[in-house]
Amino acid sequence: MFEQFGGRDADPENAYLGEVETSDIYIGILGCRYGKPLPTRFSATHTEYLHAEKSGLRMAVWCLRTDDREGHEQAFLDEVRIFHVVPEFASPDDLRAQIEDRLKVIAAEDLAPWCKLGTVVFRAAEVSDGGDEIRVSARVRSDEVAHALETFRPERTGHGSEARFTWAGRSKFVRVASMKSTTTSARSKTFQIRARNPRAAADSLLEMSISGYSADDLTEAALRSVLFGERHPLADQHMGFMTEMRDPLAPLRTAHVPDEITRPLAEVLIADEMIGSGRAARLTEFRLGASVRVYGGWPSLEPPRRYSNERPRDTKVDGQVRL
């Protein structure tokens, strides 16, 4: 609560917007009154909501069931309903139950990470990384996905299929050592996959500076070019092709997946491309905020360490991406 912030050096607006930025989930509760407009011409709650969307927080908004809503508050509610489902509540107990259910769903999504093995994307129940061995448990309800995973069985190739495995901002080249599947229902299978890391990551061919741009600068420029459509700084010198990269979000632009899973899928695809190509060591942070089908978001990348005495640093790339 704002009343519990205590004394702070920051002005009130920066104080509560700072709290929004350090949060993971935005819960909006809209009643009858809009509140006093700030210099931004929006109320404090409206400003928080806009900042939460811009910061890529998970959004969950409720409104009081009432016929006595101020005009500005109704306009605010109408705006929110354009972009989000806004259930009504009639009492504090009703609201509490709905919020608990919503938070359980969000928690379940975060506890069941999306993964990518080769070209197969699926949700895992658990991923255990022991350094040279990765164990994956997953329940798959799609026959198509289950069939695609079955092609990685080592008995089919004699030595195990090799592919890149990406999850939770990390990516490793692996060889599937064993795979066990159990049919639990007519439309569901559980998989137990054990994969080994057969070799160290190869050095990237992009470890160079061009026209005063470092390798990290060129990585950021390439990502901005494919995600946000920005002009590559080497384009005028006809050298942009040297650092081109595939658009990691290309599958999402044509697949028409639900907004609820767009964020985790985008994170997996970007991590797979950036780490798989040697442009990053891992994806340290990812935010994606929805506004119809235009998203404002950013990944934070940890560049690969090229020297043993080099301090790790993050590169943050933000902008507007259209899906």
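Predicted model: local features only at pLDDT ≥ 70, side-chain atom pairs only at ≥ 80, totals over all residues.
Q: Is Arg41 buried or exposed?
A: Phi of Arg41 is near 80°, a positive value in a residue that is not glycine. Its relative accessible area is 74%. Exposed means over 50%, so Arg41 counts as exposed.

Q: What is the relative accessible area of Ala168?
A: Ala168 also has a positive phi, about 45°, although it is not a glycine. You can find Ala168 in the loop between β7 (162–167) and β8 (170–185). Ala168 is partly exposed, with a relative accessible area of 42%.

Q: Which strands are at the edges of the open sheet?
A: Let's go back to β1, which belongs to an open sheet of three strands with parallel pairing, in the order β1-β2-β3. An edge strand pairs on one side only.

Q: Which residue in β2 is the bridge partner of Ile25?
A: Strand β2 covers residues 58–64, and six bridges pair it with β1 in the parallel sense. The partner of Ile25 is in β2. That residue is Arg58.

Q: At about what angle does helix α3 run to β1?
A: Helix α3 covers residues 71–83. This helix lies across β1, β2 and β3. Its direction relative to β1 is about 140°.

Q: How many strands form the closed barrel?
A: The barrel runs β4-β5-β6-β9-β8-β7, and its pairing is antiparallel. From one strand to the next, the twist averages 45°. Counting the strands in the barrel gives six.

Q: Which residue in β7 is the bridge partner of Cys115?
A: Strand β4 covers residues 114–117 and runs antiparallel to β7, with three bridges joining them. Cys115 has its bridge partner in β7. That partner is Trp167.

Q: Which element supplies the largest share of the largest nonpolar core?
A: This core has 23 residues, and Leu249 and Leu252 have the most contacts inside it. At least two of its residues come from each of α7 (215–228), α9 (259–276) and β10 (282–291). The largest share, eight residues, is from α9.

Q: How many residues does the second, separate core have?
A: In soluble globular proteins, nonpolar side chains tend to be buried together. The second core includes Val120, Ala138, Val140 and Phe191. Its residues number 22.

Key
Residues numbered from 1 in each chain as written. Heavy atoms only, no water. Core = buried A, V, L, I, M, F, W, Y, C linked by side-chain atoms within 4.5 Å. Buried < 20%, exposed > 50% of the residue type's maximum accessible area, 1.4 Å probe, protein only. Helix = DSSP H or I, 4+ residues; strand = E, 2+ residues; numbered from the N terminus. Pairing = 2+ DSSP bridges. Contact = heavy atoms within 4.5 Å. Axes fitted to C-alpha atoms, helices over the stretch in contact; angles between N-to-C directions.
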